[in-house]
Amino acid sequence: MDDRRRSVLKGIWAVGALPGAVVAVLLGPVRALAAWNKGAFEAKSTADAMRALGMGSAEDSKDIQIRAPDIAENGAVVPIDITSSIPGTTAIAVFIEKNPFPYTGTFDVSQGAVPYVHLRVKIGESSPVRVVVTAGGKHYTTAKEVKVTIGGCGG
Amino acid sequence: MADPMKIRATLQGDVADVRVLIAHPMETGQRKDAAGKLVPMHFIQNITAQLNGKTVFDADVSQAVSRNPVFAFKVKGAKAGDKIVITWTDNKGEKRTDETTVRAGS
């Protein structure tokens with residue numbers, strides 16, 4: 001089983017060596033779906049990042065659960081579990097407000113996933129972790145404070 | 001070439017609980033090496049998952065995700081034996097695809 005998987009992977013790399021144009025055609029539709037929002041990712045405040053994502057008017061909601069430690073001993077690896085009970089949830093966005101670049105990512109669950117995600121993040125200093133859920137074209141938000149004793153950014 | 005991902009997909013009812021561990025440095029561009037020079041940014045920007053060829057999960061992330069990232073998500077309408085394919089792409093254009101099959105839950 002494992003050996004076969006190796007050879008399949010080699011096949012994939014072989015495809016990668018084809019002329020760029022062919023690869024571009026193969027990857028075209030995938031790329032179109034996922035445009036990495038540079039403006040939002042480079043925003044230095046949560047408010048600016050939310051505006052860049054069109055989430056500026058998010059309302060507070062109690063139907064988003066953020067499970068994260070109250071005190072994280074190691075800011076380099078802070079586990080976060082997010083569940084939305086808002087009907088029609090399509091995406092979950094995460095912001096770590098006091099990080100140099102707060103916007104941490106968006107998880108699109110609209111195409112057949114449950115509105116849940118687990119991830120592990122770096123948190124530079126004690127900070128609220130803000131989650132914005134998109135449902136039916138509207139945005140809902142909540143936040144949870146995580147205290148960090150050893151920062152997760154820099155050396 | 002990047003190391004393979006570790007992917008586990010376990011069925012709970014008709015929902016597949018998918019966990020993935022990716023080997024990646026996730027450099028923020030703010031860390032200094034032993035010589036005091038900044039280590040350039042190098043981080044995963046996009047992760048997608050397909051169930052039997054259809055995209056079911058699509059994530060855009062930043063350098064704030066921890067080194068050797070772990071993600072978990074839940075895919076609806078899965079059956080034992082279904083194929084889950086996960087692909088990541090980083091800011092240097094490197095990418096990797098790995099797959100697993102959905103296992104029946106205990």
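From the N terminus on, chain A runs α-α-α-α-β-β-β-β-β-β-β-β-β, which comes to four helices and nine strands. Helices (H or I, at least four residues) and strands (E, at least two) are DSSP runs, numbered from the N terminus. This is a predicted model: local features need pLDDT of at least 70 and side-chain atom pairs count only at pLDDT 80 or more, while totals for chains, interfaces and linings use all residues. Residues are numbered from 1 along each chain as its sequence is written, chains are lettered from A and ligands numbered from 1 in the order in which they are written, and side-chain values use heavy atoms, with hydrogens and water left out.

Of the 155 residues in chain A, 41% are buried; buried means under 20% relative accessible area, exposed over 50%, and partly exposed in between (1.4 Å probe, protein chains only). Contacts are heavy atoms within 4.5 Å. Among the contacts in chain A with a separation of 6 or more, 63% are between residues 24 or more positions apart.

**Strand β8 of chain A**

Strand β8(A), residues 127–135, is largely enclosed by the rest of the structure because nine of its nine residues are buried. In a regular strand the side chains alternate between the two faces of the sheet. In β8(A), one side holds S127(A), V129(A), V131(A), V133(A) and A135(A), and the other holds P128(A), R130(A), V132(A) and T134(A), with both faces covered.

The table lists strand pairings; two strands pair if DSSP finds at least two bridges between them.

| Strand | Partner | Sense | Bridges |
|---|---|---|---|
| β5(A), residues 89–96 | β8(A) | antiparallel | seven |
| β8(A) | β9(A), residues 138–148 | antiparallel | nine |
| β7(A), residues 116–121 | β5(B) | antiparallel | two |

R130(A) in β8(A) stands opposite F95(A), and A135(A) has K138(A) in β9(A) as its bridge partner. The hairpin of β8(A) and β9(A) has two residues between the strands, and G136(A) there takes a positive phi near 55°.

**The interface with chain B**

The contact between the chains involves 38 residues of chain B and 37 residues of chain A. Together the two chains bury about 3,200 Å², 55% of it on carbon and sulfur atoms; buried area is the accessible area (1.4 Å probe) that two parts lose on being put together, summed over both. D58(B), D60(B) and K74(B) supply 17% of the area that chain B buries against chain A, more than any other three residues.

Strands β2 (15–21), β3 (44–51), β4 (54–61), β5 (70–76) and β7 (95–101) of chain B each supply at least two residues of the side that touches chain A. The largest share, eight residues, comes from β4(B). By type, the residues of that side divide into 16 nonpolar, ten polar and twelve charged. Here Ala, Val, Leu, Ile, Met, Phe, Trp, Tyr, Cys and Pro count as nonpolar, Asp, Glu, Lys and Arg as charged, and the others, Gly among them, as polar.

In the pairing of β7(A) with β5(B), L119(A) has F71(B) as its bridge partner.

**T106 of chain A**

T106(A) lies in strand β6(A), residues 103–108, and counts as buried because its relative accessibility is 17%. Not counting residues up to four places away in sequence, T106(A) touches A91(A), I92(A) and A93(A), as well as D58(B), A59(B) and D60(B).
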